[in-house]
Amino acid sequence: MIEEIPNVETLGTNPGDPLPQLPGHVSHGRFERILRAGHFAVTTEIAPPDSADPDEVLTRASLFDGYVDAINATDGSGAHCHMSSLAVCAILTRAGYSPILQISCRDRNRIAIQGDTLGAAALGVCNALCLSGDDVGAGDHPEAKPVFDFDSVSLTRTLRVLRDESRFLSGRKLDLAPKLFIGSSINPFVPPIANRADQLAKKIEAGAEYIQSQYCFDLDILKDFISIVVDMGLTEKAYILIGVGVLTSARTAKWMRENVPGVHIPDAIIKRLEGADKPLREGRNICVEFMQQLKETAGVSGVHVMAYRQEKWVKDVVKRSGVLDERVPWTPETAKVN
Amino acid sequence: MYKVRHWSVRHSRFMEGLYNGVNPVILAVLKGIAKVFGNKLDKPITAAEAGLKGFLFDCQMCGNCALSKTGMSCPMNCPKTIRNGPCGGVRPNGMCEVKPEMRCVWVAAWDGASRMKNGEAIKSIDFAVDHREKGTSTWLKLAREEISGDAE
C-alpha cells in the first residue's frame, strides 16, 4: 500500500516532488530505495559555498550528475562557516536531487535541531545523518561557544522519536512526522579500535538505519571491523557505506594525517604516492581500487566518496571503478526525459 | 586531578566495588538527613560530593552521574561532553583530538569498563543530560528518589 502524501496531487511531474513511499520504507527518498533494493550505493559530499548564491549549489551538485545516489550537505564541516546544510538541501530538493542533511551537535541545541528537522522534511529532505561534529577549535571561529547539547547517539534517538512517535522530546504531538531515513557515522580506524563495533551497535540501537564511515585508507582494519560487525548481525539492521577519498599527493596525505582529526592513512599509501610519476592520477587509482575492493566485501552496502576540492574527479573514479555496474543514478536530465 | 582520574580508571574494578559498598551507606545517611533537615543541608552535601568526586574523577557536577556506566571515566571531561563516545577524532595514540595532552575520556571509559564486573553497562545508551541538574548532587537526587519510592 502506498501511503498518501499530503499536498501533492500529481506525483513526479516536477523533479522536486516527493516519490511515493514504498511499503516497508520509512522515507519518500530514492537513497533508501537504492539501498533496500540491494544495489551498491554511491554517495558523495558537496562543499557548501561561502556565498548566498543558490546557483553555486546547483553548479557544484551538477558535477555528480548520473554517478551518485545521494549528496551529503555538510554542516559546518571542520567547524568552518559555510552555507547551512539545511539551505543547501532545500536548494537541492527543489531541483530533484536526493540530499542527505548532515546534522552536527556542535552548533545547535535540542530546540533548534528538532525545529530544523521538521523544516528539512517540509522542504522535501528525505535523509538525515547524525554527527557529533568537529570541535570549534578546529575551525575559523575558535572563540565560538560549543553547544553539544546532544551527542550523535542522543541525536539519532531524537530523530527516531520525531519520526516514529510523531512527537517532540517534550511529548508534544506533531501533526505530521518527518519521514526521514536516519543515519549516523563511524570511524573504525582510530582508537579504541577494539570497541568500535560495540559503539556501532549503540548507534544502530539508537536508531541509525544506515552508516557512513570516515575515510578508509586501510583495508586490513576495515575488513577486521566488518567481519566483527557481520558476526554481530549489525549489517542485517543497518546499511554500511564506507568512506573513500581522493588523495592528491604524498604531502597532502601527510598533512591530512597530521591535521585532520580522525584520518588514518597508512605509510604504505603515502609511499605509493611518493613513488608515483603522476601522484594526482595515483591518488585516483587508489580510490578506484578501494571502491572495487569494498564492493567485493560482504557487509558493505556502498561507498561514500569524499573528494574535497577534487569534486570534479568523483565522476571519473566512480565510472572507472565500475561499482554501479550498468546502473545510472538519477540526474536532472532523466527527470526531463520522463 | 588528572593523575588521580587515571588511577580511578585503572582501578575501575576496585572503584566499582567501593561504590557498590559505600553508596548504600551514603544514600541511607542522606535519606536520614533529608528527612530531618529537608533541603537545609543541600549546599554542604553538594559541596562534599563535588569535592570527593572532583578529586577522584575530575567530576564536573553535571547532576546526571554515569560513572558506573562509563568505566569510572567522567564523560563530562570530554570537550564535546559526549555521553556515548568516543567521537571519530581520537588520535592514533588514544589522546583527545581537542586536548592532545589528555587521554580521550572514552578510550579510558571502554578500558575501565573492560575491568568492571558490570562493565557491559557501557553498551547501554545514555540519553542527553538534563541541564537543569547541572551543579546539583546526584547523591541527594537518588536519596530523594528512594524516599518518594518508599512513600509509594
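Which residues of α4(B) are buried?

Analyst: Happy to. This is a predicted model, in which local features need pLDDT of at least 70 and side-chain atom pairs count only at pLDDT 80 or more, while totals for chains, interfaces and linings use all residues. Residues are numbered from 1 along each chain as its sequence is written, with chains lettered from A and ligands numbered from 1 in the order in which they are written.

The buried residues of α4(B) are B:Val105, B:Trp106, B:Val107, B:Ala108, B:Ala109, B:Trp110, B:Asp111, B:Gly112 and B:Ala113. Buried here means that 20 or more other C-beta atoms lie within 10 Å of the residue's own; exposed means 12 or fewer, partly exposed is in between, and C-beta atoms are placed from the backbone. Since nine of the ten residues of α4(B) are buried, this helix is largely enclosed by the rest of the structure. The cover over these buried residues includes α1 (2–10) and α2 (12–37) of chain B. As for the labels, helices (H or I, at least four residues) and strands (E, at least two) are DSSP runs numbered from the N terminus.

Next, the core. In the largest nonpolar core, which has 120 residues, A:Ile71, A:Leu101 and A:Ala128 touch the most other members. Helix α4 (residues 105–114) of chain B gives the most to this core, seven residues. Such a core is a set of buried Ala, Val, Leu, Ile, Met, Phe, Trp, Tyr and Cys residues joined through C-beta atoms within 7 Å. A second, separate core has six residues, including B:Leu30, B:Trp139, B:Leu140 and B:Ala143.

The loop between α3 and α4 of chain B deserves a look too. B:Met61 lies in this loop, and its phi is near 55°, a positive value in a residue other than glycine. B:Met61 counts as buried because there are 20 C-beta neighbours inside 10 Å. B:Thr81 lies in the loop between α3 and α4 of chain B as well, and phi of B:Thr81 is near 45°, again positive in a residue other than glycine. B:Thr81 is buried, with 22 other C-beta atoms within 10 Å. B:Pro86 is also found in this loop, and a cis peptide bond joins B:Gly85 to B:Pro86, with omega about 5°. For context, most residues other than glycine have a negative phi, and most peptide bonds are trans.

Not counting residues up to four places away in sequence, B:Ala50 touches B:Cys59 and B:Met61; two residues are in contact if their C-beta atoms, placed from the backbone, lie within 7 Å. B:Ala50 is partly exposed, with 15 other C-beta atoms within 10 Å. B:Ala50 and B:Ser137 are 87 residues apart in sequence, yet 7.9 Å apart in space, C-alpha to C-alpha.

Now for the partner chain. The contact between the chains takes 27 residues from chain A and 22 residues from chain B. On the chain A side, α5 (152–164) and α6 (196–206) each supply at least two residues, and the largest share, five residues, comes from α6(A). The residues on that side divide into ten nonpolar, nine polar and eight charged. In this scheme Ala, Val, Leu, Ile, Met, Phe, Trp, Tyr, Cys and Pro are nonpolar, Asp, Glu, Lys and Arg are charged, and the others, Gly among them, are polar. A cis peptide bond joins A:Pro191 and A:Pro192, with omega about -5°.

Finally, α5(A) meets another helix inside chain A. The contact is made by A:Arg110, A:Ile113, A:Gln114 and A:Thr117 of α4(A) and A:Leu155, A:Thr158, A:Leu159 and A:Leu162 of α5(A). By class, that contact has four nonpolar, three polar and one charged residues.
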